Structures are given as C-alpha cells and as structure tokens.
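User: I would like to learn how to read a few features of a structure, taking each idea in general before its particular case. Could we work through one together?

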Amino acid sequence: MHIDEASMVDLQSMFRILTVFENRPLRLVFIGDWAQLAPVGIGLIYHKLVQSDVIPKVELTINFRSNTAIVDAAENIKKGIYPEANNTVQILEYESNEQLQELLQRQYYLHTFNDNEAYIIAARIKTVSESNTALHRFLSSGCEVIKIAPQFRVGDKVIYKKNDKDLGLVNGSTGTVIGQTHDTIIVNFSIEGQATLTKEQIQNDSNGIYMLQHAYAMTCHSSQGSEFNVAIVVVENFALVERSWLYTAVTRAKQKVVLLAKKGAIQNVLDRGFRFEKISVGFKI
C-alpha cells in the first residue's frame, strides 16, 4: 500500500489503516516530504519513520517541479534563512487588509494574463473567503451566470472538496468553469479534464455543504499535493504560519512565487521553526 502526502498522517488514521489489515500481510510505502505540513490530528507518524535508522529510505534529491530560484528559497526556509528576493521569488509588503486585497487583485490579474495559471495561498479561512469573493466580483463581472448555481459564472476558478469516484475527482481537484446545460455546470479540471456536474454534486442543501467552491484563493492545506505555475502566498503573522506552512506554500509553485507579508512576518515564521517538532509522537521505533 502506498500512502501519499505522508507528512499529514496522524496517529488515529494510521491506527485505522493497521486495524483493517490486522493479521494480514502488509507492506507500506510512505511518500512525502518531512518539511511539509504536519498532521492536523493528534500524534506524528512519518517524521518519526524518517528519523529512524531501522526503516529503509530513498530520498529524492532533485526537484523536478520548480525552477532553481524557488528550490533555493525553499531550502533556505527549511534552514531558517530568509529567502532571497529576485525576479522569480518576489517579496512585497503590505500594511492593511485593504492594501492586501488591492495587491492580491493586481498580482492575480498580472500573473493570469494570457491564461497563465496562478493561485493565492493563505492560512486564514477568512482571508481565503474575502479574496475569493473580491476576485470573483472583479474578474467575472459580465460573464455568463450558471443557472443551477448562480454563485458561479463562466470563467470562475473552482476547487472540488470531495472524493467522487463517479466524477473521477478528488478532494482538491482544481479547474475552471467553461459552460453549462439547463441542469448542469461544466468544469475543465487541470488534471482530470472536463467534468459535468449536477446541482446535487455541487452542493448538499440539506446540510449546507458546498462541494464546489471558488478557488482563486485556497488554504495551504487544500493546496498540498497540487502544483501551479505561480503561487501568490499571503504570509499572515500568527502561530499556525510556521516554517513547514511557508515551505509547503512556496513549493507549490513551478515558475514564480510572490510573497505578500507585513513587515517582520516572514522572519517571525522562520523563528517559529517546524510545528512537528512540538508534537507528541505517541510511539517509538
């Protein structure tokens, strides 16, 4: 069995997996990056396995996703060194939320010109929501409204938040609304290709859950496992935003990173270190 994004596996999830295979032969292959986001739940698995001399390991030492400047910035973040600003890794400061939203609109528009792929990554759900609302209004004004889901328009960037075998989509699939029929919405997903969704596959009215959401901006946890041409990263100054958060956000980018931060915020992130170092592991090897 292969377990991808293994840095996020917590103790309870690992226990459930092992319980299913109890008294049966099982070989586990963990695939992940110890510097990326730690588990949301309790305990720690992958990081302890990486540190063990008992567990065989193979390390990928060449980054095939990002260009050299982004790789250098990511390595510096891992070491607690302030990333160097250049044409590929831009660092822009803001002072107020109003100024942030103005910067986000300008940077997003600039980096999506000629259909280039760019996404905003932030830590707070509030920041993600405000950014999605503002960019939806700014970019989709005058575009065709989707009849079965009028919160969307043709051209909207979207993310699917559920694993759905029938649609061939996973939680985190991103794409663009390209059209509609009288009772469906048509989305072109970046990896899975074109999918046609009914209203029931978009939202669950009985419990208020929306499986399809705007995705001009997303949380770092939603972005882990994805890759974009350009990552516009909002470095917010609070405890959740530590070194693994910033490292994960930066390494989503293939061609360019734009870091938006208040004065001193990036240094505070580096000084916080890695959250996994403060997690109670729960087992020994």
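User: In which loop is Glu5 found?

Analyst: Helices (H or I, at least four residues) and strands (E, at least two) are DSSP runs, numbered from the N terminus. Here Glu5 is found in the loop between β1 (2-3) and α1 (11-20). Please keep in mind that this is a predicted model, in which local features need pLDDT of at least 70 and side-chain atom pairs count only at pLDDT 80 or more, while totals for chains, interfaces and linings use all residues. Residues are numbered from 1 along each chain as its sequence is written, and side-chain values use heavy atoms, with hydrogens and water left out.

User: How many helices and strands does the chain have, and why is it described as compact?

Analyst: The chain has nine helices and 14 strands. The radius of gyration is taken over C-alpha atoms, and the globule rule is 2.2 Å times the number of residues to the power 0.38. For this chain the radius is 20 Å, close to the 19 Å that the rule gives for 285 residues, so the chain is as compact as a globular protein of that length. Along its principal axes the C-alpha trace spans about 60 × 50 × 30 Å, and 46% of the 285 residues count as buried.

User: Where is Val230 found, and which residues is it in contact with beyond its sequence neighbours?

Analyst: Contact means heavy atoms within 4.5 Å. Val230 is found in strand β13 (residues 228-235) and is buried, with a relative accessible area of 2%. Leaving aside neighbours within four places in sequence, Val230 is in contact with His111, Asn116, Glu117, Ala118, Tyr119 and Lys256.

User: How many disulfides does a search find?

Analyst: A disulfide is a pair of cysteine sulfur atoms within 2.5 Å, and a search of the whole structure finds zero. Among the cysteines, Cys143 is partly exposed at 29% relative accessible area, whereas Cys220 is buried at 1%.

Technical notes: Buried < 20%, exposed > 50% of the residue type's maximum accessible area, 1.4 Å probe, protein only.
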